[in-house]
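Good morning, and thank you for coming. Please look at the sequence and the structure first, and then I shall go through some local features.

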Amino acid sequence: MKVKINTSTEGTTRTMRKQGSLFGKTVRLSGLLLAAAALASCATGRIDPTDPVGENAKQIDGIMRLSGYMASAVGIFVAAAVIIVIVKFRARPDDDPNELPKQIHGNKKAELTWTLIPVVMLVFLAIVTIPAVFDLSGKSDGRTIKVEGQQWWWQFSYDVDEDGTDDIVTANEIVIPVGEEINLEIHSNDVIHSFWIPQLNGKKDAVPGRIHHWRISSPEPGIFYGECVEFCGLSHANMQMRAVVLNSNDYEAWVQQQLQPSTIPTSAAAKRGYELFGRHCVSCHVIDGVYESAADGNANLLSGVAPNLTHLMTRTSFAGSLFELYNDDGSANIAELREWVRDAPDRKPSRPDNRQGMISFVETLNNSELDDLVTYLLTLGGKPPLMPS
Amino acid sequence: MAMTEERPEILELETGETTPSTGAFARPTHATGWRAWIFTVDHKKIGIMYGAVAMFWFLWGGIEAMLIRMQLFTPNGTVLTANQYNQIFTMHAVTMVFLVVMPLAAAFANYIVPLQIGARDVAFPRLNALGLWIFIFAGIFLNLSWFLGGGPDGGWFAYAPNTSVAYSPGNGMDFYSLGLQIAGIASLIGSINLIVTVVNMRAPGMTMLRMPVFTWMILVVQFLLLLSLPVITVALVLLSFDRTFDANFFNVAMGADPLLWQHLFWIFGHPEVYILILPSFGIVSETLPVFSRKPLFGYSVIVISGAAIGFMGWGVWAHHMFVSGLGPVGVAAFSATTMFIAVPTGVKILNWIATMWGGNLRFTVAMMFSVSLVSMFTIGGLSGVMHAIAPADTQQTDTYFIVAHFHYVLFGGALMGLFAGMYYWWPKAFGYQLNEGLGKWHFWIVLLGFNMAFGPMHILGLQGMARRHSQYGPEDGFDFWNAVATIGSFFILIGMIVFAVNIVRSWLGYKAGKVPQAPADPWDGRTLEWAIASPTPEHNFDYVPIVTDVDDFWHKKYQPDETGKLRKVADGNDIAQIGDQHPHLPSPSYWPIVLAAGLPFIALGLIYNLWLSGIGLVFLLGGMFGWSLEPATDPDAGHGDHGDDHAPDPDTPDGDESEAAEVVEEAPVG
């Protein structure tokens, strides 16, 4: 829609250019400016609360619009009153300085009126709001996914067989089936974070020592973007996430794939990388089936947990969803991954000396070791079930 | 003034004994120069110093704001590192809230309230000086952090446990918790002083419902301070104990619930919002009637709604915590209370418009800033109602929609009102008016820049731009409006430079005799501060006025003729007191600044080495000791009643000068 407005204006511009008149130039210029403004003002990015998709987000959007229209109406009324006052009652040079305007000390009826009208409007808003608050809280019948925030990435855990232990632990991307209202149990392993995927629902804080329930759902498959929105320290800006919504078949396939433990690679380079991983990475990272020593937490991090890298390559992004794992052409983003492994604190603000974030391997790994390690990482998992468009 | 006379060598005690006054206990006697300011207990000098220091911090807080805007001018900004950005946005808020808006309100409260109630000073003049100096040292202490390893990096709201030593290992948060603690002492002292002053020292006949609205709003604010500061004090003590002595108040591993901090902080923090805005509501309630030449529409309703905001302000704090995990009952309750606090606020807005309606509006700069408060604050208030709807708030909170909201409230509301107050009362404080032409440039540039800077933030917030993110990506679609906002912030900067130029030029012009001496009553004012000469004489009132009405001074100028029509019967400048009396005044003192100087040392000691706290304690206890031995008023200093070099003027307009003066003289005891 926004794009259409832009194209039509450009079309007008082109016809005007042929005429070449001053009028044409003016129209062209203002047309361009308008187009730029329209495009820029409506330009929405990956995070987009204005385009709700999930049921909860749509409900919130409705209430928000209602309140926005009411607020605008009151705002316009007040603005009109102020403008009338300024224009109509301003002193003129020919006013008699000894002539006083009528001295009115108040009017009980008027004051009562403009106390009661807002009261009525607010009672109306309260009647709309309070049931919605209760509607949006509480659990659904859908499956439960554990959400854990920590500096500066998100972890999602699935208890597929409902035996009380997590079977799938993944990072940065929460994968959910389409049409199902998912229960989230939101928790933090260090400071307070806030879970927000605006197209699916409003936000909910992740607080250490507490579990907060929240629900998300989407009627259509796709990738929806989110981020941490409660200030959580140094790299608060770099704690993003994605919701990957899959058709139920794709979702089942994804679950089965994730449940497979990892195996030792066969190619020489990947095997060298596998051994390097065992030497340098396993005190923090877990790869199910091969490296599980850090599964019960590790002392190298304040949060006690680093991203589980099993089936890494089935994700679309890494490092708090800060970087794409795949290039636009579908090939793996080896360059960025290699840079990250080499010197993570340089790529994303962190404080490894205070056990906050991944350490740098600049001093530890040489170039060929880095290549081997990345080669190994590329063997983890297959392809993502859905790529960002 | 008797301050200039030479000190006698011998101090005469009441017992009749004489004892030589030892050096340490001699009182300062400087009537001019910097020492007259440092050791003063005069509420006017203290008010001006509050204002000057606040304007210095306004410059610094503005530079912090500009750095933020520079960083966000383009996607992936590199002006600041993430670490620097976190410190800058934390200190921008701390500076603007605690070192700019609160002290600017304190400046007006100190200067104007005693004048509006017909008093010669506040109830406890030395305590007043103590509050000022503690505030000044608090500001210096907070900003010392920049030179000692970096500023606080946990946000002004300092949510636990991100502020614990584990997650914020530098000393920044120690400077935050101890600095705010010190600033809190200053505000607490000031609030007690002003409450006692307003309750006890009003001129004869000035009942509570004849009090000017500005004084009323300041009184409400002082009660809010008195009751809310202890809450933040407790919170900061807990934080300091956690950080300094390894306590576990916010240690989740030891069973703490981090929401405790949020409750404590916002139980203080929300009344704090009204602490910031109500003084400006008071200011425009003075200026709008004066420049509309009409009485305030519904005086009692405005006063009562102000007090109602003060009460209701205690029942809305958890609206800052709608997504913190309160549970639906709590969220619904606070959602409803928050909506209904809009009612008294809305009543005020409409009453102000009704005040102007049918008036004869003179658009001085003070009036322009006042009208802009009415309109800009309304925008902030309406977006506030939108956040009160808790489900909507789950999409809005922690986005730029909130940043837009509270800047419309605090800049469009509080600061616009404070600027109105500056242009309005400048002639009373300094004896000359600020240039109205430059003032209009100041106003229009700031109004334009303000709306350019903060208006687009509504859009950015609805687009989902999160607060406190040091960068946004090019794919986020936030570039255009961020660029507009940054350009707007430069307009604000230019506007403020125009204001600074205006101050300097008007002052130089006044010194050179090109800017005329302001008359006592330049605006055809309504309240008692206009019934005395400009600038205010050191003793304020030659005689204490007798008050018979709201806007008593105006009623002395306008009275009904035989047909009942109001006629001007006197010019304010002709009937104003001329300031030729020399009554006895509280004496200056060394001790407030000495006592106050102890606090930053005690705080530094808690961070670095307890020996420093020892030095601070010496100052503190020494100051208390000297203070307690010092009479409130110097028995040596000249006294009007002694009548030696300044006998009462026989032409005093009111016959009961000595009696009226007595009333005031007895009150200042602190």
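**Residues, pairs and strands in the model**

Let us begin with Ser489(B), which lies in helix α15 of chain B, residues 479-511. Helices here are DSSP runs of H or I with at least four residues, strands are runs of E with at least two, and both are numbered from the N terminus. Please keep in mind that this is a predicted model, in which local features need pLDDT of at least 70, side-chain atom pairs count only at pLDDT 80 or more, and totals for chains, interfaces and linings use all residues. Residues are numbered from 1 along each chain as its sequence is written, chains are lettered from A and ligands numbered from 1 in the order in which they are written, and side-chain values use heavy atoms, with hydrogens and water left out.

Is Ser489(B) buried or exposed? Ser489(B) counts as buried because its relative accessibility is 7%. Buried means under 20% relative accessible area, exposed means over 50%, and partly exposed is in between, with a 1.4 Å probe and protein chains only. Not counting residues up to four places away in sequence, Ser489(B) touches Met66(B), Arg69(B) and Ala453(B), where contact means heavy atoms within 4.5 Å.

In chain A, Phe224(A) lies in strand β9, residues 222-228. Phe224(A) counts as buried, at 5% relative accessibility. Leaving aside neighbours within four places in sequence, Phe224(A) is in contact with several residues, among them Val53(A), Ile197(A), Met241(A) and Ala243(A). The C-alpha atoms of Phe224(A) and Ala243(A) are separated by 5.0 Å, although these residues are 19 residues apart along the chain.

I turn now to charged side chains. Side chains of opposite charge can pair when their charged atoms come close. The term salt bridge is used for a side-chain nitrogen of Lys or Arg within 4 Å of a carboxyl oxygen of Asp or Glu. How many salt bridges are there over all chains? By this rule, the count is 27.

One of the salt bridges is formed by Glu230(A) and Arg468(B), with the closest N and O atoms 3.9 Å apart. This pair crosses between chains: Glu230(A) is in the loop between β9 and β10 (240-246) of chain A, and Arg468(B) is in the loop between α14 (436-463) and α15 of chain B. Both Glu230(A) and Arg468(B) are buried.

Another salt bridge joins the side chains of Arg338(A) and Asp371(A), at 2.7 Å from N to O. Arg338(A) lies in helix α7 (residues 334-342) of chain A and Asp371(A) in helix α9 (residues 367-378) of chain A, so the pair ties together parts that are 33 residues apart in sequence. Arg338(A) is buried, with a relative accessible area of 18%, whereas Asp371(A) is partly exposed, at 37%.

In chain B, Lys557(B) forms a salt bridge with Asp521(B), and the closest N and O atoms are 2.6 Å apart. Since Lys557(B) lies in helix α16 (residues 552-557) of chain B and Asp521(B) in the loop between α15 and α16 of chain B, the pair ties together parts that are 36 residues apart in sequence. Lys557(B) is buried, with a relative accessible area of 0%, and Asp521(B) counts as buried at 6% relative accessibility. Salt bridges that share partners also join Arg46(A), Arg242(A), Glu324(A) and Glu475(B) into one network.

Next come the aromatic rings. Rings of Phe, Tyr and Trp (its six-membered ring) pair if their centres lie within 6.5 Å; planes under 30 degrees apart count as stacked, over 60 as edge-to-face and the rest as tilted. The count by this rule is 59 aromatic pairs over all chains. One of them is the edge-to-face pair of Phe56(B) and Trp57(B), at 5.0 Å centre to centre and 65 degrees between the planes. Phe56(B) counts as partly exposed, at 48% relative accessibility, while Trp57(B) is buried, with a relative accessible area of 7%.

Why is the pair of Phe291(B) and Tyr424(B) edge-to-face? Their ring centres are 5.8 Å apart and their planes are at 70 degrees, so the pair is given that name.

Finally, strand β8 (residues 212-216) of chain A is largely enclosed by the rest of the structure, because 4 of its 5 residues are buried. Thank you for your attention.
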